[in-house]
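Let's take a walk through this assembly together, going from its chains down to single residue pairs. Please have the structure open as you read.

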Amino acid sequence: MNYLVKSVATATVGAGSLFFASAALSQEKLGEIVPKLSLAYYAADMGPVYEQSARVLSQEWAKLGLEFQMRPIQFSTFVSDIIVGGKLEDMAVFSVGADPDRIDPVFYLNNISACGQRANGSSWCNEEYTRLAEKQLTQVNSDERRETIHQMQELFQSQIPWWPVTNTVYGILYNSDKWENVTNPSPVAAHENLVDPWLAARPLTDDRIMDWAYLEDVSTYNPMSEEGATGWMRFVYDTFAKIGADGKSRPWAAESWEFTDDTTVRVTLRDDMTFHDGEAVTADDAVFTINKIVEIQPPTMSSRIGNIAGATKIDDHTFEFNLKTPDATFETIAMTYLFILPEHLWADYEGDMVNRDVVADGVAIGSGPFMFKEWRVNELHDLRTHKAHFAAPAYDGIRRLALGQADAIRSTMLDGTADIATTVLPVAAMSDLGMQEDFLEFIEIPSHGTMMTWLNNTKPPFSDLEFRRALKTATARQRAAIEGWLGFAVPAGEGNVPRQTGQWYNSDLEPVAFDIDAARKILEDAGYGWDDDGRLHYPVK
Amino acid sequence: MRAYITRRLLQAILVVFVVTTIMFFMFRIMPADPTTMFLEGGMTEEARQVLLEEWGLNGTIWEQYVLYMGNLLTGDFGNSFFYRKPAWEVLFPFIINTLWIAVPGLLLGAFIGSALGMIVGWAPRGGKVERSGILLATIIRGAPSFVVGIGLLAVFSSYLNWVPGYGMGDPQGQTGLMRYLNWDFAHHLILPLCAVIIFFIPENLLLMRSGVVEARTEDYIELVRAKGVSEKRVAWHAGRNSMLPLITWLFPALAETIAGIVVVEIVFSWPGVGRELVLAVVRQDYPVAQAAFFLLAIMIVLANLAADLTYSKLDPRVAYK
Amino acid sequence: MSQTIHRSVAWVFRALLPIVTTFRMLIQDRFALWGLSIFGVFIIVAIIAPWIAPYDPFAPMMTETGRLMRLAPPSSDHWLGTTAFGNDVLSQLIMGSRVALRVGLVAALAVGFISTLVGVISGYFGGIIDDILMRMTDVALSIPTLPFAIVAVGLLGPSVDNIILVITLLFWRNGARIIRSVVLTERERVFVKWARAAGASHLHIILKHILPNILRVVFLWVTMSVAFAVLTEASLSFLGLGDPSITSWGQMLNTAFASGALRSAWWWVAPPSLMLIALISSLYLIGRAYEEQTNPRLKDHS
Amino acid sequence: MSIEFETLRGTLEKKPPVRLQVQDLCVTYKSARGPMKAISGVSFDVEPGSNFGLVGESGCGKSTVVKSLMRLLPASATTSGKVLLDGNDVLAMNRQQLSRVRWAQIALITQSAMNSLDPVFTVGDQIVESIRAHADVKHAVAWARAEELFAMVGLPPERLKEFPHQFSGGMRQRAVIAMAFSLNAGLLLADEPTTALDPIMQDQIMSRIRDIQKRLHRSMVLVTHDIAVVSETCERVAIMYAGRIVETGPTHDVLNKAYHPYTMGLQNAFPKVVAKGEKKPPLISISGGVPDLANPPAGCQFAPRCPFATAQCRAEEPMLRTAGNSLVACHHMERATEFRRAALKAETWRVEETLQ
């Protein structure tokens with residue numbers, strides 16, 4: 001298959017090099033040839049989008065005289081080898097989802113860019129950048145933190161060790177005859193958000209149960225061990241705060257909170273909250289939950305509770321978080337993640353709390369807007385509305401159907417069994433359906449999910465900044481968005497933080513426009529040359 | 001006869017043991033490990049070690065193997081990494097769902113297939129019935145099970161809209177045992193069951209046909225006809241004799257059935273063992289995947305044993321030393 | 001030296017002879033004729049695929065207004081319309097034949113070779129070797145086909161060569177058993193006993209006496225293996241375990257299925273399905289006709 | 001014994017022997033080398049209760065005749081002429097009537113009993129199947145009848161529960177004989193019942209068949225190439241050659257006063273048991289083989305092998321004409337006595353010198 005890529009490249013390059021060769025005239029001695037580069041991407045089990053995008057990008061990069069070996073890799077192997085395993089051979093094109101945690105830019109700034117971070121697959125290490133990264137973590141004052149973050153992006157843009165290509169556009173398809181006020185959860189993906197559209201929606205007919213066509217990703221209803229479907233868990237277990245569209249946290253179970261000093265956060269809870277079994281929610285429950293979590297350290301929660309020392313009760317509805325070190329991301333990552341367990345159901349449980357089968361024990365009880373009713377594995381989840389909740393939705397319950405494949409979701413949407421679909425059915429298919437059927441409405445959700453290109457900065461040619469600049473200039477972001485994502489992605493901004501994270505994005509980074517000839521000019525100025533059949537060669541040593 | 005059975009059982013245990021071992025090592029040398037799901041979410045290294053230790057994945061492969069095999073003997077398949085419940089508890093409901101389409105599918109497919117095979121086999125040689133019978137059977141046999149699935153879906157579910165194409169029952173349906181015994185479940189069962197039956201008919205048809213064609217030239221057929229019994233009864237003699245090759249093929253074909261059913265379950269979103277097995281492999285949920293393999297291997301080995309035993313019942317000439 | 005060349009040429013010619021006679025015998029059967037012609041067409045299409053494919057299978061087709069031509073129904077310049085990614089279905093279909101045949105033929109030859117090797121060795125030598133090989137076959141027979149393939153492809157990575165390897169690992173077992181049973185009957189033949197008595201070496205007996213006589217079964221088994229290989233590759237690709245950088249028919253159906261276009265874009269789903277059915281059933285037709293011609297009891301004496 | 005069993009036995013015993021009249025029976029096979037006329041115009045009658053022998057070399061069509069009587073020929077065969085059982089023509093019957101007649105009126109003892117019993121059914125079940133196909137009786141009653149039949153042929157009744165492969169050759173033949181009498185059919189066709197057996201067993205089986213015949217007083221058509229068996233068993237006999245009857249009449253006349261050279265040759269080729277002290281006549285075989293049915297020679301089919309053949313024999317096919325108490329199809333039947341004397345000498349049959 002790759003001979004095709006090669007033949008297309010040599011054809012166009014051949015013409016180009018003819019022009020250059022005659023211009024260069026001098027018998028320039030060429031350095032060593034740039035070897036074939038392997039381009040890793042998600043295999044077909046994650047859907048056709050990645051293969052199409054990788055192909056489009058490699059076609060354009062090939063015009064620089066490069067040759068690519070396409071390497072599809074299955075998702076789990078990709079994550080363990082390339083993202084966290086440090087085994088990135090040459091280049092990779094892959095994407096990360098629009099999780100609520102990533103509205104706070106620490107994932108892009110630290111996790112995948114700072115020195116020594118496990119997820120820094122492109123193994124770029126810049127002392128100055130990493131120092132700034134540690135500093136911004138401690139800056140609780142958001143203005144100071146924004147200043148440091150913008151400075152980091154400036155430094156990153158000067159080095160461009162890797163770069164984002166597109167930001168994903170998610171979608172919601174819903175039955176507009178049966179539901180209204182289905183609000184847009186942007187920039188977070190629908191399955192990660194709670195208020196939009198789930199709590200906002202209102203039923204128009206007497207079918208007061210919302211059927212959501214989705215896939216099966218829930219492994220348990222014990223929030224301490226569920227990692228994949230945290231969004232769904234927050235339907236049952238309320239969190240202290242919610243992430244807003246502007247990237248700031250909004251009050252939820254916590255009415256208000258403030259940093260009394262750098263390492264303590266005083267939180268006042270709402271006083272009108274009850275658990276699904278009718279018991280009132282008090283600071284005791286919150287303190288009990290937090291201290292239990294800190295004590296047990298559940299593995300799946302490790303990345304978010306590492307900095308919490310414990311909690312102390314002040315009075316019935318106020319308590320204080322004691323942090324180990326000042327943490328700017330506490331509000332956006334921890335407060336929106338930590339949940340409240342009913343003390344009276346967990347206090348006297350001796351066994352291993354993390355692996356407790358809450359459904360079997362009948363204690364799948366939280367204070368969230370929905371109550372657990374039934375779970376048929378690989379089939380459906382059935383929740384009923386917790387009427388007493390302060391933001392209870394205007395309908396009686398939500399049912400998630402684990403259909404898991406596009407065609408099933410499409411036909412259940414068409415025959416009315418399902419009322420809303422958010423993923424598995426490609427966004428393009430959703431928008432087509434939205435146009436064709438008048439009872440189906442499509443909402444576009446621009447998100448901060450990012451498809452990015454990683455380079456192995458430890459070895460040539462990627463260790464050469466000029467080569468990286470040329471490669472970035474030859475990155476066909478627009479084509480990838482149109483032909484790879486079928487128009488349901490937008491070309492990404494500059495630097496390493498998505499534009500959709502609002503205040504954190506440094507908008508005055510100077511843009512790098514897509515221009516093949518400019519890219520070849522950069523390479524030529526840096527001393528690279530092309531042989532007769534158009535293959536790129538290193539500069540002469 | 002008893003000696004034969006015990007020898008065959010010993011062989012069966014050895015085979016299942018080797019299959020489980022192969023599967024165990026295949027999973028263990030997979031590059032990705034089950035904690036990958038959490039790494040992407042930024043889990044710290046110590047937390048990962050805690051998980052690995054809890055799942056018994058931290059020792060050397062040999063220690064893990066001994067631990068796993070030890071548990072296996074006591075019927076403990078280990079806890080699923082994903083569901084954190086005993087793997088057997090996870091799989092059990094799926095097994096029932098798969099059996100709902102596998103067993104009736106296998107039997108009906110075999111029955112219809114062999115009945116048609118008898119008709120085609122008994123028809124005049126070189127006649128229209130024989131030619132069209134063979135052609136049709138070969139074409140259907142050539143269709144992969146997912147093509148059959150997609151075809152059924154396109155025609156009966158979306159175009160004619162007679163039958164729902166997905167899932168096992170209306171979301172509001174009853175739960176527990178009752179859910180299997182109501183019209184709505186049957187309504188959802190029709191298409192996947194037809195896919196499995198269609199997947200099974202051609203092999204049976206062609207095997208029975210060649211059996212009958214061979215049997216009809218036998219001398220005893222002539223004597224049976226001379227006895228003035230009805231033509232159907234004469235055909236039954238030929239059919240009865242060609243059941244032997246059929247049975248020896250039918251039971252061991254389970255290995256292929258499972259393959260076919262995995263695809264049918266995925267096409268029809270049928271929550272069975274096959275679909276869960278694919279999900280478990282993608283999630284690196286070894287215990288569930290290995291429990292499923294263990295189960296499938298046992299089903300196949302028992303099927304082979306059943307084939308031999310029924311063979312002797314069907315063909316008295318085969319005595320067991 | 002010339003003497004050995006002469007003898008080996010003779011041996012090759014003698015080995016080819018049965019294939020020629022088989023071919024001539026097959027022609028008489030109407031089904032085999034159909035099967036062979038369809039299979040022949042596929043081979044020709046596969047060979048000249050790059051030249052007859054109107055477009056590059058992955059090139060995105062643009063409408064006049066510069067938009068991606070998604071899910072366009074069949075038209076004059078796109079006889080089979082376009083996919084959800086704007087690729088030309090006809091070109092993907094034609095290029096897909098190349099993959100199907102490459103997987104089919106290579107895997108079938110590999111399976112044929114291993115089955116014959118195991119079958120002949122265990123059938124001819126018997127004793128301990130036979131037991132060991134047969135126990136291995138029993139184990140292999142108890143491994144469920146597709147689930148094993150899913151794990152193996154997950155382990156090795158989804159490239160076409162890995163799929164061929166997995167198919168070979170999976171399908172040698174049935175052939176080994178069939179060929180072994182035929183070798184058992186051949187070994188008991190009197191002339192084999194004589195040759196042995198006359199001091200001929202095992203290899204000589206196998207090559208000269210056993211192998212030519214079981215060529216019939218081997219040929220039949222290889223034909224069936226091509227069908228199994230194509231079927232398994234299609235199923236694996238459909239499950240998303242195929243190599244996405246190539247355009248196999250199973251891969252096309254997977255993309256169609258994943259894009260939820262199964263019901264709306266019949267021109268994208270029907271052709272690959274029909275190609276699969278045509279190719280696989282043509283092979284079964286050849287296999288069936290071959291079996292009927294050579295099995296005296298099945299031969300149509302009327 | 002249950003009443004039902006008594007009534008069954010009663011009805012069966014009352015069944016009269018059947019008169020068989022075969023008129024101008026012709027059978028042609030469609031084969032790759034064109035149509036083959038296996039039987040061209042065979043006619044004979046079998047009086048009720050009498051035994052009729054059909055003798056000839058193998059390949060002369062005698063088995064085809066038997067099979068055509070019960071319409072058991074393969075699809076590729078076409079039959080014409082009439083086969084009258086007590087007056088109604090079997091060849092004209094529809095499937096319904098035919099299945100009522102088969103085994104109830106006309107039963108068959110096959111040649112190779114080795115595989116004429118279905119291997120996967122017990123012998124008892126197969127006999128019961130033949131009974132219940134015609135008499136609407138319970139399984140137990142039919143089983144009792146089967147036990148009675150086994151006793152008749154000297155087989156222990158408990159063997160009914162066993163499968164054919166557990167029977168020896170002789171026992172299997174006796175089982176087939178028992179089955180043939182299961183409905184006490186008026187006409188019994190015995191197609192070389194003893195060929196597959198060793199001589200002692202042959203004699204036992206034949207004497208068994210003769211006793212049952214005498215007791216049940218059935219009509220029988222016995223097909224064999226063994227002249228000794230025919231002479232002991234059958235009242236009338238027909239000698240067949242190349243699909244035609246060349247001589248037929250009372251056994252004694254045909255065997256002792258043969259008019260057709262083939263009959264004479266047949267007797268020479270068969271070892272006779274002679275009284276003590278008498279000289280054993282030399283065994284003389286008839287050279288050459290049966291004519292190719294696809295393109296039969298003109299005139300008398302036996303002409304090419306007949307030592308007395310004349311130009312007329314090679315030109316014109318002889319018709320059956322009366323000679324003494326028999327019928328014979330030979331142009332020179334009047335010279336029979338001369339032929340008989342010459343036939344005894346071995347040199348007559350040596351082909352080289354007698355090229356007239």
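Which domains does the domain assignment of chain D give? The assignment gives domain 1 (3-234) and domain 2 (239-273 + 280-349); such bounds come from an automatic or database domain assignment. Before going on, please note that this is a predicted model, in which local features need pLDDT of at least 70, side-chain atom pairs count only at pLDDT 80 or more, and totals for chains, interfaces and linings use all residues. Residues are numbered from 1 along each chain as its sequence is written, while chains are lettered from A and ligands numbered from 1 in the order in which they are written.

**Chain D**

The C-alpha centres of domain 1 of chain D and domain 2 of chain D lie 29 Å apart. Between these domains, 23 residues of domain 1 of chain D are in contact with 17 residues of domain 2 of chain D (two residues are in contact if their C-beta atoms, placed from the backbone, lie within 7 Å). On the domain 1 side, strand E2 (34-46), strand E3 (51-55) and helix H8 (227-233) of chain D each supply at least two residues. Helices (H or I, at least four residues) and strands (E, at least two) are DSSP runs, numbered from the N terminus. E2(D) gives the most to the side of domain 1 that touches domain 2, with nine residues. By class, that side of domain 1 has eleven nonpolar, eight polar and four charged residues. Here Ala, Val, Leu, Ile, Met, Phe, Trp, Tyr, Cys and Pro count as nonpolar, Asp, Glu, Lys and Arg as charged, and the others, Gly among them, as polar.

E2(D) also belongs to an open sheet of four strands, in the order E2-E1-E4-E5 (chain D), with antiparallel pairing; two strands pair if DSSP finds at least two bridges between them. E2 and strand E5 (88-89) of chain D are the edge strands, each pairing on one side only. Two bridges join strand E4 (residues 77-85) of chain D to E5(D), and Leu85(D) has Asn88(D) as its bridge partner in E5(D). Helix H2 (residues 62-69) of chain D lies across strand E1 (20-31), E2 and E4 of chain D, running at about 75° to E2(D). For such angles, axes are lines fitted to C-alpha atoms, for helices over the stretch in contact, and angles run from 0 to 180 degrees between N-to-C directions.

**Between the chains**

Of the five pairs of chains in contact, chains B and C share the most contacts. Chain A and chain D, in contrast, do not touch, and their nearest C-alpha atoms are 48 Å apart. Two interfaces are set side by side here.

**A helix pair in chain B**

How do H6(B) and H8(B) pack, and at what angle? Their axes are 8 Å apart and the angle is about 140°. The two helices H6(B) and H8(B) are therefore oblique to each other (angles under 35 degrees count as roughly parallel, over 145 as roughly antiparallel, 65 to 115 as roughly perpendicular and the rest as oblique). Residues making the contact include Gly133(B) and Ala137(B) of H6(B), and Ile198(B) and Leu205(B) of H8(B). By class, the contact of H6(B) with H8(B) has seven nonpolar, two polar and three charged residues.

**Strands of chain A**

Chain A has an open sheet of four strands in the order E10-E11-E13-E12, with antiparallel pairing. Its edge strands are strand E10 (254-261) and strand E12 (308-315) of chain A. Neighbouring strands of this sheet are turned by 20° against each other on average, direction ignored. Five bridges join strand E11 (residues 264-269) of chain A to strand E13 (residues 318-323) of chain A, and Val267(A) stands opposite Phe319(A) in E13(A). Helix H9 (residues 283-296) of chain A lies across E11, E12 and E13 of chain A, at about 165° to E12(A).

Further along, six bridges join the antiparallel strands E14 (residues 370-376) and E15 (residues 380-385) of chain A. Phe372(A) has Leu383(A) as its bridge partner in E15(A). This hairpin has three residues between the strands, and Asn378(A) takes a positive phi near 65°.
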